[in-house]
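Here are my notes on the model, point by point. Please read them with the structure open.

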Amino acid sequence: MSSKIVAQRTMIGMEIHVELATRTKMFSRTPNVAHPDWYDAPPNSLCDPVCLGLPGALPTMNHEAIDMAMLVGMALGCRIPDQCSWDRKNYFYPDLPKGYQISQYQHPLCAEGQIELPLSSGEHGVIRITRAHLEEDTGKTGHELPGGLPAEGSIIDYNRSGTPLLEIVTEPDLTSADDAEIFCRELRAICRALRVTEGIMQRGHMRFEPNINVVLTLEDGREVATPIVEVKNLNSFRAVHGAIEYEVKRQVDQWKEDGIEMGPGAKSTRGWDDLGCRTLLQRSKEDAHDYRYFPEPDLVPLEVDDAWRARIRERLPELPLARRHRYVEQWGLSSKDAAALTEVPATAIFYDTCVHEANRCCELDPAGAASAVAKWLLNAGARLANEQGREVHEIGIEPEQLAGLILLREGGDIGSSNADTLFGRLCCEDGDARTLAEAGNLLQVSDTGALDGWIDQAVAEQVQAAEDFAGGKDAAAGRLIGAVMKLSRGGADAAMVRQRLVERLRG
Amino acid sequence: MTHPETARDIAAAVQAGQTTAIEVLETRLARIEQIDQQLGCFQQVRAETARADAHRVDEAIARGEAAGPLAGVPIAIKDNIMVQGEPATCGSRILEHYVAPYEATAIERLRAAGAVMLGRTRCDEFAMGSSTEHCAFGPVHNPWCHTRVPGGSSGGSAAAVAAGLVPCALGSDTGGSIRQPASLCGVTGLKPSGGRISRWGLVSFAPSMDQIGPFTRDAADAALLLQVMAGQDHRDDTSAEAIPPSGLQGLDAPLQGLRIGVPAEHCSADNHPEVNAAVERAVDTFKSLGATVCDVQLKTTELGVACYYVVGPAEASSNLARFDGIRYGRRADAPGVELEELYARSRSEGLGAEARRRIMLGTWVLSAGYYDAYYRRALQVRRLIHDEYAALFKQVDLLLGPTVPAPAFKLGEMADPIDMYLCDTYTVTANIAGICGMSIPGGLADVDGDTLPVGLHLQGPVLGEDRILQAAHQFQQATDYHLSQPPGAATSTCS
């Protein structure tokens, strides 16, 4: 177009759907496929008259889902109004068995909130939450039979029909793909910490829908905004990032071509093509649905009182952001380590317990204990967890055992390689660290009699090395010490061996 | 031997061993066989399963057990209420072959009380209508005059009780669908308050107004059936946590001091003169029973039908969306067509004219741009109607008037849907406000040479069923209108 762009600013608002891991469905008492016990239930095995929309069936509220939604709302700083109510969103689709979805339109459970988090610039940013409301998920439409063979026609699995969905909507406060990804990851961390979902993206536990447009500043000082695009159903952070980056570029190019600006009728919906790394038009505003929302007559409005709010507030744990902040500020961990330890809430809780134990039994200051425990869990622990396909807190070592190991190491009672061995044993055996170390001959030997015996033997075996060392070649010490370590099966205190070699061969 | 007529009499006789459930059932089956071909009350009679039910009752009694307050009482069920394992057509082609996979709460409770499910009765499609002419499987004829309608939408149930095919039956009432046919057929019909009886298993038409209720020979039976079916149900969020109704207890308490209001708007000069005469007679009767009767105003009466025909269709358009031919029900034979086209064809073939009319009306009033002018406005009117009733029930204990403006009309006579809708003028406001109401026989009228029953409408406050049942029972103790039976019915039910 005529005017040159001198600056551009991206505006992104997010809509996030979280499948809540309640025991039963949102509006019936059938097990919920988003609960870990039912992840792999066979297709259409979690069905009942309500979630199939059979004539005469009625919804009833699942209070566990309401509690969970309220918990998330509180974690996002939302206000929980005294009353919320249900509405019907009407549209036809085979995976929507009633022909409408029960949602909250006029009066959501959670009203305006905000979260503050460190963004890609390094600065903290505030993301305002518009609302968070409950609804029910639809069934799943597919075109492949289990095993991957093509189905004749479409097939529908209603296991997911009626799964409680929490929809969180933000204001357009995000300004880049990086920040949007940071926000989405933080939201998952929060939901995991609140134990409302395991947040497994491949299972669709969380689905992201960014609303994107770009505000352009032109050479003549005018500001124009490109039409808003909603990208539907992104189920990976990579897709969120990719879709936003792609859209920003595409929208600017499109504007240069047609000059169409944001306005009524100019909003469109696009999908993400994961292989092609691009967005594709799904529908434009002109053929948008009229959902004909109206109050759900089968459900009475929900009253929330102070006692209920207080009961839920009591359940709020330390949130991941606060935890990471504490690890960095109070315990001196790097942000990278703090992030790694808080990714899985149970691991963070385990880490805290270990630090507490180490602090108690090793007479280490909190920072020292925190750093020692972090080192163990993020190195040996993470390696083992990775091999076993588990999380770090699940590899078998108990906080008391790890504290014992740290005590041995701090006191110089065990060498680094034997300490690794002991860590492995502590993961699969009961008993305290010292007992297991003694039983396995893993403690350092600093008894001079035993040391001298091994040194004698080493010097006798490694004549050349002994001569070289005596002659001043420091490098030769390695072979001698190695021989002693071998003879002692790792138990010798290497520093002490070196000292005695010096005394003996150069003395 | 004499076959007792009320549900109470049957249950007492069965429990006492004077007759058996199977004997009661066979008598009714024989009578249905004999005359239902002309009436068309039943969509389907389930003789075999009913016999099995009756045998179970008789066995329980033989073992010396109490078989329940409805021991061996045969009951007919409107075809929009789920009876497990039985079809539930709702009077619609689209559900012609649909079989209920679960049971309505009301049916569960009736069974537990010893009732025998005899079969399912015809109704207007999805309970939309006032004549039962909108039943896809054929109309029902009024037992008093076969060329006239039984009313609707629960016309089959009302006619079955009137003709003595069953002592009692279930219907559903969204705008008058129990009370209006009860009035036209000369039986007692109760629409309980919203939330009184669980709607689990009742196919929704307009959930904010739908209620299940009984058709019976008299008010005492209605009280008994209400008591059996009432109560909170964890499967219906809108079912009320309330003091249960008292059943037969308290029905005999005198009406001394009862305050009855007669809404001037219901006693219109446009009513059939015999209808207004019946109300006047009833006023005298109630006065003689010790009640005080006064004229009151129910100004929102004229708003009722307009409000109802916005809110009802709006909810119906959404409730009926599930009948799309995808998972169950009739699907158009149209291989290879696009999804939207398949929906359109299945629904156009499967749903009748009245259901389609209301779906279109409801879709329209909820559409963007029209919502405020129609649906939102209707909710405001609803509030006015509710408030006016609430204020009125501070002055009086119950309201008395005619159930409908005129006795039964002829089949095919009401060609204009609006005329049909206006039949509901006096009944819809009870559903809109969620209060309770009932129709009881109030005498016979001569209309063009046909003798037809006229109904009296009693309305009470939310969950105030005990009071209107007591008034109705006392009225029936003092009068014999409820004992009138259509020609041919009396001889074959008694002895």
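At what angle do the axes of helix 12 and helix 14 of chain A cross, and within what distance do they come?

1. This is a predicted model. In chain A, helix 12 covers residues 448–461 and helix 14 covers residues 477–487. Their axes cross at roughly 125° and come within 9 Å.

2. Helix 9 of chain B spans residues 301–319, and helix 11 of chain B spans residues 353–366. The two axes come within 7 Å and cross at roughly 100°. The range 65 to 115 degrees counts as roughly perpendicular, and helix 9 and helix 11 of chain B are therefore roughly perpendicular to each other. From helix 9 of chain B, the contact uses B:Tyr309, B:Val310, B:Pro313, B:Ala314 and B:Ser317. Helix 11 of chain B contributes residues including B:Arg358, B:Ile359, B:Leu361 and B:Gly362. The contact residues divide into 8 nonpolar, 3 polar and 1 charged.

3. Now the interface. Chain A puts 33 residues into the contact and chain B puts in 37. Together the chains bury about 2900 Å², with 58% of it on carbon and sulfur atoms. On the chain B side, B:Asp237, B:Arg322 and B:Arg327 lose the most area to chain A. Those three residues together account for 22% of what that side buries.

4. How many salt bridges are there between chain B and chain A? The count is 1. B:Arg199 forms a salt bridge with A:Asp298, and their closest N and O atoms are 3.0 Å apart.

5. Over all chains, the count comes to 63 salt bridges. One of these joins A:Asp413 and A:Arg434, with the closest N and O atoms 3.0 Å apart. A:Asp413 lies in the loop between helix 9 (399–410) and helix 10 (416–428) of chain A, and A:Arg434 lies in helix 11 (residues 433–439) of chain A, so the pair ties together parts that are 21 residues apart in sequence.

Terms used
Residues are numbered from 1 along each chain as its sequence is written. Chains are lettered from A and ligands numbered from 1 in the order in which they are written. This is a predicted model: local features need pLDDT of at least 70, side-chain atom pairs count only at pLDDT 80 or more; totals for chains, interfaces and linings use all residues. Side-chain values use heavy atoms; hydrogens and water are left out. Axes are lines fitted to C-alpha atoms, for helices over the stretch in contact, and angles run from 0 to 180 degrees between N-to-C directions. Helices (H or I, at least four residues) and strands (E, at least two) are DSSP runs, numbered from the N terminus. Contact means heavy atoms within 4.5 Å. Buried area is the accessible area (1.4 Å probe) that two parts lose on being put together, summed over both. A salt bridge is a side-chain nitrogen of Lys or Arg within 4 Å of a carboxyl oxygen of Asp or Glu. Angles under 35 degrees count as roughly parallel, over 145 as roughly antiparallel, 65 to 115 as roughly perpendicular and the rest as oblique. Ala, Val, Leu, Ile, Met, Phe, Trp, Tyr, Cys and Pro count as nonpolar, Asp, Glu, Lys and Arg as charged, and the others, Gly among them, as polar.
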